[in-house]
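This report covers helix packing, aromatic pairs and nonpolar cores. The sequence and structure come first.

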Amino acid sequence: MMVVLETPYVKISYLFQVNCLSVSWLMRPTDAVFIEAHVAIVEFLSKNFPVKLYCTDLTLVGALTKDQETWLATECYNKTYNILNDDFYVAVVFSENHFKAVVSNYMVPSSETADDYVHFNYFTDQEEALHWLENIKKGQDSALFPFAT
């Protein structure tokens, strides 16, 4: 594991064996802190190597604000896609109560806000989220070597 950014608000780590960036929110961020953290992620991608797997832990802070979600969708995800030029996967970890609220209030996203290159899955357990990402990594690795068993 390599720490990319650590503040009182967030810890961003690169997990080598999964080729994943782990983003753990420790305190509810202001918009400026939120943007600063994601700018650090984009800088890491542009200076290091492509990372297509992300695990965002929101269990301690709850839901993002509408402005933060909008900024992710319109700015950060576009920049990430432009660097990777490929699809990427985001596992989001919620608290049990937040997960239940999300499920019971689910609305199909409009086609204007949903980007085809970002694939989400939602969890209440970080180990399950990382397991999902590891399986995606294994699938990507096997696609590179289709005849390997």
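Contact here means heavy atoms within 4.5 Å. With neighbours within four places in sequence left aside, Phe88 is in contact with Lys52, Tyr54, Tyr77, Thr80, Tyr81, Tyr117, Val118 and His119. The model is predicted, so local features need pLDDT of at least 70 and side-chain atom pairs count only at pLDDT 80 or more, while totals for chains, interfaces and linings use all residues. Residues are numbered from 1 along each chain as its sequence is written, and side-chain values use heavy atoms, without hydrogens and water.

**Aromatic pairs**

Rings of Phe, Tyr and Trp (its six-membered ring) pair if their centres lie within 6.5 Å; planes under 30 degrees apart count as stacked, over 60 as edge-to-face and the rest as tilted. The whole structure holds 13 aromatic pairs. Two of them are tabulated.

| Pair | Centre distance | Plane angle | Class |
|---|---|---|---|
| Phe34 and Trp71 | 6.3 Å | 75 degrees | edge-to-face |
| Tyr54 and Phe88 | 5.9 Å | 80 degrees | edge-to-face |

Helices (H or I, at least four residues) and strands (E, at least two) are DSSP runs, numbered from the N terminus. Because Phe34 belongs to helix α1 and Trp71 to helix α2, their pair ties together parts 37 residues apart in sequence. Tyr54 sits in strand β4 (residues 53–57) and Phe88 in strand β5 (residues 88–93), so this pair ties together parts 34 residues apart in sequence.

Buried means under 20% relative accessible area, exposed over 50%, and partly exposed in between (1.4 Å probe, protein chains only). Phe34 is buried at 1%, and Trp71 is buried at 17%. Tyr54 is buried at 6%, as is Phe88 at 1%. Ring pairs also link Tyr54, Tyr77, Tyr81, Phe88, Phe94, Tyr117, Phe120 and Tyr122 into a cluster.

**Helix packing**

The axes (lines fitted to C-alpha atoms over the stretch in contact, with angles from 0 to 180 degrees between N-to-C directions) of α1 (residues 31–47) and α2 (residues 66–84) come within 10 Å and cross at roughly 10 degrees. This makes α1 roughly parallel to α2, a term for angles under 35 degrees. Residues making the contact include Phe34, Ile35 and His38 of α1 and Trp71, Leu72 and Cys76 of α2.

**Nonpolar cores**

A nonpolar core is a set of buried Ala, Val, Leu, Ile, Met, Phe, Trp, Tyr and Cys residues joined through side-chain atoms within 4.5 Å. The largest has 31 residues, of which Ile12, Leu21, Trp25, Tyr54 and Phe88 touch the most other members. Helix α1 gives the most to this core, with eight residues. A second, separate core of 13 residues includes Val18, Cys20, Phe123 and Ile136.

How values were computed:
Angles under 35 degrees count as roughly parallel, over 145 as roughly antiparallel, 65 to 115 as roughly perpendicular and the rest as oblique.
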